[in-house]
Amino acid sequence: MSEKKTFYITTPIYYPSDKLHIGHSYTTVACDALARYKRMQGYDVMFLTGTDEHGQKIQDKAADAGVTPKQYVDNIVEGEGGVKDLWKLLDISYDRFIRTTDDYHMESCQKIFTQLYEQGDIYKSVYKGHYCKPCESFWTDSQLVDGKCPDCGREVYEAEEEAYFFKTSKYADRLLRLYEENPQFIQPETRKNEMIAFINQGLQDTCVSRTTVPWGIPVPFDQKHTMYVWVDALSNYITALGYQNGKYDDYSKFWPADLHMVGKEILRFHTILWPAMLMALDLPLPKRVFGHGWLLLDGGKMSKSKGNVVDPVVLCQRYGVDAIRYFLLREIPFGNDGSFSNESLISRINTDLANDLGNLLSRTVAMVEKYFGGTIPAQRAAGEFDEDLISIVSAMPAHVTENMDQLLIPQATQEIFKAIQRANKYIDETAPWALAKDEANKPRLAAVLYNLCEALRFAAVMLAPFLPTTADRMAEQLGLSQAERDFDTLTFGSKTEYTVQKGEALFPRIDMEKELAELAAEQAAKAAAAQADQPAEEAPALEKLELEHLDEITFDDFAKCEMRVARVLECEKLKESKKLLKFKLFDGERERTILSGIAKWYEPEDLIGKNVCIVANLAPRPMMKGKYVSEGMILSAEDNEGNVTVVQFPASVKPGSQLG
């Protein structure tokens, strides 16, 4: 008997923040869906996640909290409401959880560091340059952007200390050959181009130790040094398999990794430093590194410092775990930035989960119970509309697999819901309630309901990696045994009989207007409570302007408005509206879509290539009954006669430039 095929997938090990938000959950939920899908296909899967617990940020936060660094990370990882609790809540089926404070990992890292030193790939020198504490990254003058960290845009500080360096520059040519000979190594393609440009500007050796940060793994042959946190963190992908330690014995089975899933902000470490280290160790390289985008809120990355984080626990409690998993997997364009808003979440729940999936199951089971007492045998007689339904449902597993293999997760879920939507249409086409009026139509009625049950069986099996609890509830109502939930059983018409049992609605429909009002009230109450906890500040003495026709706002109110220059990449009229133009713009960081009611004054070609001013941090707004989402506002001026002029800037002004 041949051995099972293996699949090794990793998330980045997370910095243990004391405020986890929905953005943290995004990558891990996506990896979980991929891992579950591979298991369903019969692969022997290793799904690794964990926490990156060393470094200056942790040391400083622990000091602020008055505890040791180990006590600080223990509470966040293992404590109530910590990382492990969140992964349990989100139904994350990881196979191994590594902490970089684990003894076996530290043992392996010291052996790796020593080997690299002894073979000449690590040497001692003096580091003098810039350091970004939030990113825990070292930068040269040429790498800074406007004097700030090129990754996060925050301030850096001057650092000078004795340090060990890894000869990253030695591997520059090999890295470029790696990218050229293995085009799938870095995905998406745009991320690869960024790494090539970074290397071509002159790859510097990497500082890999600190003397001023005691919270780290000690350099075994020089105890006043601790290892640079990224050398420690990246090594987890092999130490978790037992490389250079006796804790596990899976290295030969699972390495090289099939997929490292990482955020785009740490892609450089995973596609330059990490493969260079592996080259130096003469170890195989991972097969693929995928740099996904960010989950954005109000036009910007979620951040505790900005106060714009969304608590995944609250969302799960309010809407259910599977609803949140589905939103993350279906709504976010994989590889690009995606937006979170309460409106888009509720709309997705109502449209796909409540209307399409929930109603299909509820109607089908109810009709089988009503017309056949809950049991129908297989009916293979083909009638009008059957062939199209059977064709779409039968082809669906292959289409989903193709998309999952290409890491097109939203498209994979879309294929499942195409089959679900086709089954709903099939109900309208065949009208089972009309067939039930004539006893002579009983065989045809049975065939229709059997076909619907088969479509639901396919959906239940294929949804299991994405919505595991929902898939189980569907299987229970359809009366499927564990064996009948297997991927290999998906042949249309193979089930001989259905005995169904109606259950609770999978996803009750949400009243959008009422829900948004409640959420707004809760948010206002929280904001008021937070404001009450803040010490009162003495207001500055300002001369009051007697302009009674204007509603005054405070400077703080104005400062919340982020206005920036954006370049119009595409512009088109909408068939559904005479007023709206649909814009695709680049705002200096990402592409975004904005709908603007200026079609009366501009033709699309008038604005393509122009620099306009946008309000970038408006909450995304569903428009045209949720068909489009507008991610901001284009500023314009209106004269006394009602004519509108869009605010524009010359081509010399770079997209992303901020107004204020």
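User: How many aromatic pairs does the structure hold, and what makes two rings a pair?

Analyst: There are 24 aromatic pairs in the structure. Rings of Phe, Tyr and Trp (its six-membered ring) count as a pair if their centres lie within 6.5 Å; planes under 30 degrees apart make it stacked, over 60 edge-to-face, and the rest tilted. Bear in mind that this is a predicted model: local features need pLDDT of at least 70, side-chain atom pairs count only at pLDDT 80 or more, and totals for chains, interfaces and linings use all residues. Residues are numbered from 1 along each chain as its sequence is written, and side-chain values use heavy atoms, with hydrogens and water left out.

User: What kind of pair do Y8 and W255 make, stacked or edge-to-face?

Analyst: Their centres are 6.2 Å apart and their planes sit at 65 degrees, so the pair is edge-to-face. Y8 lies in strand β1 (residues 6-10) and W255 in the loop between α10 (251-254) and β12 (259-263), so the pair ties together parts 247 residues apart in sequence. Helices (H or I, at least four residues) and strands (E, at least two) are DSSP runs, numbered from the N terminus.

User: Are Y8 and W255 buried or exposed?

Analyst: Buried means under 20% relative accessible area, exposed over 50%, partly exposed in between (1.4 Å probe, protein chains only). Y8 has 0%, so Y8 is buried; W255 has 6%, so W255 is buried too.

User: And what makes W230 and F269 stacked?

Analyst: The ring centres are 4.1 Å apart and the planes are at 10 degrees, so the pair is stacked. W230 belongs to helix α8 (residues 229-234) and F269 to helix α11 (residues 267-281), so parts 39 residues apart in sequence are tied together. Both W230 and F269 are buried.

User: How do you know that R96 sits over the ring of Y248?

Analyst: The rule wants NZ of Lys or CZ of Arg within 6 Å of the ring centre and within 35 degrees of the ring normal. R96 lies over the face of Y248, at 3.6 Å from the ring centre. K38 does likewise with Y43, at 4.5 Å from the ring centre.

User: Why do β20 and β21 count as paired?

Analyst: Two strands pair if DSSP finds at least two bridges between them. Six bridges join β20 (residues 581-586) to β21 (residues 591-596), and the strands run antiparallel.
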